[in-house]
Amino acid sequence: MRRISLIVFGAIALLALSYYINNIIQATGAYRDLVFEYDGSCEQIDGLIGAEDIQIDHQTGLAFISNQDRRKYRNGTPEEGYIAVLDMADPAAQPVRLSHDGATEFFPHGISLYRMENGGLRLFVISHPPEQAHRVEIFDVVGGETLVHVRTVEDPLMLSPNDLVAVGPEAFYYSNDHGSKTDLGRSLEDALRLPRANLAYFDGTSARIVADKMRYANGVNVSADGKTLYSAEITGRRIGIFDRDVETGLLSLRDVVAVNTLPDNIDVAEDGSLWVGAHPKILDFVAHAEDPEAHSPSEIIRLVPDPSGAGGTVELIYLQDGAEISGSSVAAAYGEHFLIGAVFDPFIVKCTIPEKE
């Protein structure tokens, strides 16, 4: 009788383990049958590399682009990155590399723009200097050509900052894509989809965790009125919608929107819709990180928030095999076009927004 019980228990345990492993594999997009779609045209824009994040100032049409050669960084030969700007209002414009002062060891990642009360523009940049603490560099944008350093922010809660969104002259939210401090711990978080990532809020003086138990927290942004915060979870395959207390910075989860992909950065367009760069097959992206010749499919989705404030409609804008651009991490829209940036590729693409039928 005991032997039968052990056999039954073992069978149940094996089935449970198989179910768990199957869910993990499914979450990578491995089972997804991709049907490539895009009804528009794209042009390649060179002079950029590892344009992981892009933010557009809708008042001027200037797109600010974060650049970092991540292959050299991964290979142990890191070179400082830079911020470039592209005038979306000029069809013939080429990217211009901005000069900056005061920020040493500059290795940019996620970026955010903030319009000051006096009309000035500030740029917030996550930077990852090798063998040093993660930090956020804050700049004033002068003349659209120069970044004047305002402040460097470091905080013990910046374990693994990925993206950020500015909500004040020196206040911002940022995502920690992992909660573990060790490489092994972070690998386990990825492989097992452990909910250990979080969001933190820096109020200009200190930071505190305002949302936790997230699966690879990544892109973060806010609505135009600042009362709603959006956060993407890559391995969670969802976008969280939070009520934001503009006085205290505290967040309250309002709703989540499941997406059939692994969402990266979020750009809020002028009409309030969310443009999201995504990875439909994350294992292909891992292969692409190791080999530049291995294409990783790129996907852009658009989330139109529901007028009720809960949920929204997800639209597929762009899905291609990666030959045009691999490993899309961001999409930012302006006028009749949108830009796609990627984690590793040495260019971006500028694409036409498809007309609705």
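Me: Which side chains does a polar contact of 3.5 Å join?
Reply: In this predicted model, the side chains of His 109 and Glu 52 are joined by a polar contact of 3.5 Å. His 109 belongs to strand β7, residues 108-115.

Me: Is His 109 buried or exposed?
Reply: The term buried applies to residues under 20% relative accessible area. His 109 has 12% relative accessibility, and therefore counts as buried.

Me: How many disulfides does a search of the whole structure find?
Reply: The search of the whole structure finds 1 disulfide. Its partners are Cys 42 and Cys 351, with an S to S distance of 2.1 Å. The pair links distant parts of the chain, 309 residues apart: Cys 42 is in strand β1 (residues 42-45), and Cys 351 is in strand β25 (residues 348-352). The link of Cys 42 and Cys 351 is right-handed, with 110° about the S-S bond.

Me: How should I read a positive phi?
Reply: Most residues other than glycine have a negative phi. Lys 213, a residue other than glycine, has a positive phi near 55°. Lys 213 is found in strand β14, residues 207-214, and is exposed, with a relative accessible area of 65%. Arg 237 is likewise not a glycine, and has a positive phi of about 55°.

Me: Where is Arg 237 placed, and is Arg 237 buried or exposed?
Reply: Arg 237 sits in the loop between β16 (228-233) and β17 (238-244). At 14% relative accessibility, Arg 237 counts as buried.

Me: Which residue takes a positive phi in the hairpin of β9 and β10?
Reply: That residue is Gly 143, with a positive phi near 65°, and the hairpin has 3 residues between the strands. Strand β9 (residues 135-142) pairs with β10 in the antiparallel sense over 7 bridges. Within these strands, Asp 140 stands opposite Val 148 in β10.

Me: How does strand β6 run relative to strand β10?
Reply: Strand β6 (residues 99-100) and strand β10 (residues 146-153) run parallel and are joined by 2 bridges. His 100 stands opposite Leu 147 in β10.

Me: In what order do the 4 strands of the open sheet lie?
Reply: The order is β2-β3-β4-β5, and the pairing is antiparallel. The edge strands, β2 (53-57) and β5 (96-97), each pair on one side only. Strand β3 (residues 62-67) pairs with strand β4 (residues 82-87) in the antiparallel sense over 6 bridges. Ser 66 stands opposite Ile 83 in β4.

Me: Which residues form a nonpolar patch on the surface?
Reply: Ile 21, Ile 25 and Tyr 31 form the patch, and together they have about 270 Å² of accessible area. Of these residues, Tyr 31 is found in the loop between α1 (2-27) and β1.

Note on methods: Residues numbered from 1 in each chain as written. Predicted model: local features only at pLDDT ≥ 70, side-chain atom pairs only at ≥ 80, totals over all residues. Heavy atoms only, no water. Disulfide = S-S within 2.5 Å. Pairing = 2+ DSSP bridges. Patch = residues over 30% accessible without salt bridge, like charges linked within 9 Å, V, L, I, M, F, W, Y side chains within 5 Å. Areas by Shrake-Rupley, 256 points an atom, 1.4 Å probe, with all protein chains shown as cover. Salt bridge = Lys/Arg side-chain N within 4 Å of Asp/Glu carboxyl O. Buried < 20%, exposed > 50% of the residue type's maximum accessible area, 1.4 Å probe, protein only. Polar contact = N/O pair within 3.5 Å; in protein donor to acceptor, adjacent residues only side chain to side chain.
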